[in-house]
Amino acid sequence: MTDIIVKIMVEVLCILAIATKEIKQGSASESVHRKTHMVTHSYLEKYLKRLAGRADIEDALGRLDKLTHDEVLMATAQILKLSHIVDSKVTSVDDKVKVIIDHGKEVKVFMQQTSNTVDQVKRNQLRQDLQRWLSPPDPSTNHNIARGTHHTGTASWFFEGSTFKDWKSSGSLLWVHGKPGSGKSILCSTIIQDIELMCEAGLASMAYFYFDFRDTTKQDLHNLLPSLLIQLSAMSDPCCDILSRMYSAHKNGMRHPSDQVLIKCLKEMTSLPNQEPIYIIMDALDECSNTSGMPTPREQVLDLIKNLIGLSLPNLHICVTSRPEIDIRSSLEPLTPLHVSLHDQSGQKKDIVDYVRSVVQSDTKMRRWRQEDKTLVVETLSERADGMFRWVFCQLETLRHCLPPSVR
């Protein structure tokens with residue numbers, strides 16, 4: 001660009017020099033009495049005409065025109081170059097701004113995650129404090145024992161039936177009863193497994209309890225309530241907040257709550273608005289003592305069930321298994337049409353046949369029996385079981401130690 005401007009100036013100076021020379025020559029041939037500063041328009045016009053006819057002037061003007069054209073092109077190029085530089089710098093700045101914004105977002109997300117982690121650590125610590133405060137018995141020990149004796153495929157008729165499906169879909173009470181040894185606890189453990197799948201998917205909350213006549217910590221309302229509350233608070237932050245307020249109201253665990261306070265807390269948890277379904281499952285209610293007290297421990301649990309059902313909460317589902325004892329029947333039958341008698345079910349009888357046949361065919365000692373003895377055992381035990389898995393189990397335990405000739 002500088003070279004072009006220098007050349008333009010040179011051409012302009014050349015033209016001015018030629019023009020000056022021509023004017024001086026013309027002025028000398030004019031009358032002496034005329035003065036240079038009095039040159040009129042007619043003289044200037046004459047000089048210009050003479051200049052216009054000179055070849056060197058035309059060449060200089062041609063070169064000047066070309067240089068001027070090159071100057072315009074070069075100026076345009078310079079402008080485009082500057083525009084590109086500015087645009088690239090703007091783009092670079094814009095990219096840097098985007099990077100800064102993205103880093104800002106990452107920092108914000110990181111801070112939020114850190115805050116959530118801190119909150120979760122605090123909540124986990126709170127749950128541990130609540131666990132130590134209420135010290136509930138652990139029902140998972142009973143649950144694991146029941147799952148260990150479950151035979152694959154057992155009770156499929158129950159889960160495919162309308163009674164169970166109605167209970168799962170509507171807030172209500174399901175009462176499953178049967179004779180001793182009819183597999184109520186095993187069925188209860190399978191119900192728990194079914195609901196756990198919903199809990200893992202975030203579709204429900206659950207708390208369960210096994211009453212046990214062999215364990216004094218699993219025989220009354222005072223131990224049932226803490227277990228239910230701790231389980232629900234472990235699965236739900238709003239439930240944990242309710243229990244936390246009760247913890248604070250009792251001097252942060254310095255005092256123990258009464259059963260009435262625990263019941264109130266349970267009702268608050270089950271009455272929370274806009275929450276997922278809650279399933280409360282209690283096994284072997286008949287193993288809750290009914291011999292002393294006014295009211296007895298069993299009557300207290302029955303009253304709790306009646307109160308919870310009386311809340312008419314559409315998201316609350318309660319399942320109770322027990323023997324069909326008179327006091328339990330008189331309390332639970334009026335509360336729900338959903339009840340199942342295990343020892344009267346055709347599906348239960350088929351499950352017993354399948355169970356006996358499976359054991360006889362798979363047990364290493366029973367494989368040595370004659371086929372007619374195997375068939376005799378399957379038919380006899382199935383006919384005499386009367387819906388009681390436990391009786392069949394005891395018979396098979398005795399028979400498997402018999403020598404083949406003594407089986408019959």
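Here are some notes on this predicted model, point by point.

1. **Ground rules.** The model is predicted, so local features need pLDDT of at least 70 and side-chain atom pairs count only at pLDDT 80 or more, while totals for chains, interfaces and linings use all residues. Residues are numbered from 1 along each chain as its sequence is written, and side-chain values use heavy atoms, with hydrogens and water left out.

2. **The overall picture.** The protein chain has 15 helices and 5 strands (DSSP runs numbered from the N terminus: H or I with at least four residues for helices, E with at least two for strands). Of its 408 residues, 37% are buried, meaning under 20% relative accessible area with a 1.4 Å probe and protein chains only; exposed is over 50%, and partly exposed is in between.

3. **The largest pocket.** Its volume is about 980 Å³, and 36 residues line it, with Thr-149, Gly-183, Ser-185, Ile-186 and Arg-390 nearest its centre. (A pocket is an open set of points on a 1 Å grid over the protein atoms alone, where a 1.4 Å probe fits, with protein on both sides within 12 Å along at least five of seven lines; lining residues have an atom within 4 Å of a point. The volume is the space filled by probe spheres set on the points.)

4. **Who builds the lining?** Helix 7 gives the most, with 5 residues. By class, the lining has 16 nonpolar, 12 polar and 8 charged residues (Asp, Glu, Lys and Arg count as charged; Ala, Val, Leu, Ile, Met, Phe, Trp, Tyr, Cys and Pro as nonpolar; the others, Gly among them, as polar).

5. **Helix 4 meets helix 7.** Their axes come within 8 Å and cross at roughly 105° (lines fitted to C-alpha atoms over the stretch in contact, with angles from 0 to 180 degrees between N-to-C directions). That makes helix 4 roughly perpendicular to helix 7, a label for angles of 65 to 115 degrees. Helix 4 brings His-143, Ala-146 and Arg-147 to the contact, and among the helix 7 partners are Ser-185 and Ile-186; contact means heavy atoms within 4.5 Å.

6. **Ser-172: buried or exposed?** At 15% relative accessibility, Ser-172 counts as buried. You'll find Ser-172 in the loop between helix 6 (162-169) and strand 1 (173-177). Leaving aside neighbours within four places in sequence, its contacts include Trp-167, Ile-309 and Leu-338.

7. **Asn-124.** Look for Asn-124 in helix 3 (residues 55-134). Asn-124 is partly exposed, at 33% relative accessible area.

Technical notes: Parallel < 35°, antiparallel > 145°, perpendicular 65-115°, else oblique.
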